[in-house]
Amino acid sequence: MSETPFLAPDGQTRCAWAGGAPEFLAYHDTEWGFPTGGDVRLFEKICLEGFQSGLSWRTILNKRPAFREVFEGFDYHLVAEFDDGDVERLLQDARIIRHRGKIEATINNARRAVELVEEHGSLAAYVWGFEPEPLAVPEVVATSAASIALSKDLKKRGWKFVGPTTMYAFMQSMGIINDHSLDCVTRERVEAERAAFVRP
């Protein structure tokens, strides 16, 4: 994330990356950084961030509707029941990223999510437990102490494709941290929603 702002068509500034592709602006203004407490949404984002590894977010965002279709809306209870036949089926679906390791990781992570929810009550309660103290100024970094801790704990629980960089992007996008730049018009809206958000 760069500190150089993007001047959007409405004349207001956004985070620099929001101008990187036509589809980014709506995602930036309505999703990225807004606090999320729904387990399915959180699970979906962990999976999609894993699929993004080595690729662009634009690729994943454009394929998101297909991902949602083939992975049962990312209902982790349903995905946890997928078997080898489902892996082979998904490897033939050109609408998604056909990477065996990432597909198998998604199914594995669904099973781990079921276990985690049994222990913590919800996926939201677990991941929001890693929320760090807010910084006065967003940092332009790829990882943080919180994302490293989350990654380490998930890996210990058997999750895959949940490295510290992937988890930092997850925490940014799900509003666990507010990394909108200081001159971004959306930052204050996100901060207001974070202030009103009831932590699970």
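**Reading burial and contacts**

Mentor: At 42% relative accessibility, isoleucine 148 counts as partly exposed, because that class lies between the cut-offs of 20% and 50%. Please keep in mind that this is a predicted model.

Trainee: In which helix is isoleucine 148 found, and which residues does it touch?

Mentor: Isoleucine 148 belongs to helix H8, residues 145–156. Setting aside residues up to four places away in sequence, isoleucine 148 touches Thr143 and Pro164.

Trainee: Where does UniProt place the feature "binding site"?

Mentor: The unreviewed UniProt entry assigns that feature to Cys15, His28, His180 and Cys184. These residues span 170 residues in sequence, yet no two of their C-alpha atoms are more than 10.3 Å apart, so they gather at one spot.

Trainee: Is histidine 180 buried or exposed?

Mentor: Buried means under 20% relative accessible area. Histidine 180 has 0% relative accessibility and therefore counts as buried. It is located in the loop between helix H9 (164–173) and helix H10 (186–196). Beyond its neighbours within four places in sequence, histidine 180 contacts several residues, including Cys15, His28, Trp32 and Pro138. With histidine 28 there is also a side-chain to side-chain polar contact of 3.1 Å.

Trainee: What does cysteine 184 touch?

Mentor: Not counting residues up to four places away in sequence, cysteine 184 touches Thr13, Arg14, Cys15 and His28. Cysteine 184 also sits in the loop between H9 and H10, and is buried, with a relative accessible area of 4%.

Methods. Residues are numbered from 1 along each chain as its sequence is written. This is a predicted model: local features need pLDDT of at least 70, side-chain atom pairs count only at pLDDT 80 or more; totals for chains, interfaces and linings use all residues. Side-chain values use heavy atoms; hydrogens and water are left out. UniProt positions are given in the numbering used here, feature names are shortened, and annotations may be inferred rather than shown by experiment. Helices (H or I, at least four residues) and strands (E, at least two) are DSSP runs, numbered from the N terminus. Buried means under 20% relative accessible area, exposed over 50%, partly exposed in between (1.4 Å probe, protein chains only). Contact means heavy atoms within 4.5 Å. A polar contact is a pair of N or O atoms within 3.5 Å; within protein, one must be able to donate a hydrogen and the other to accept it, and residues adjacent in sequence count only if both atoms are side-chain atoms.
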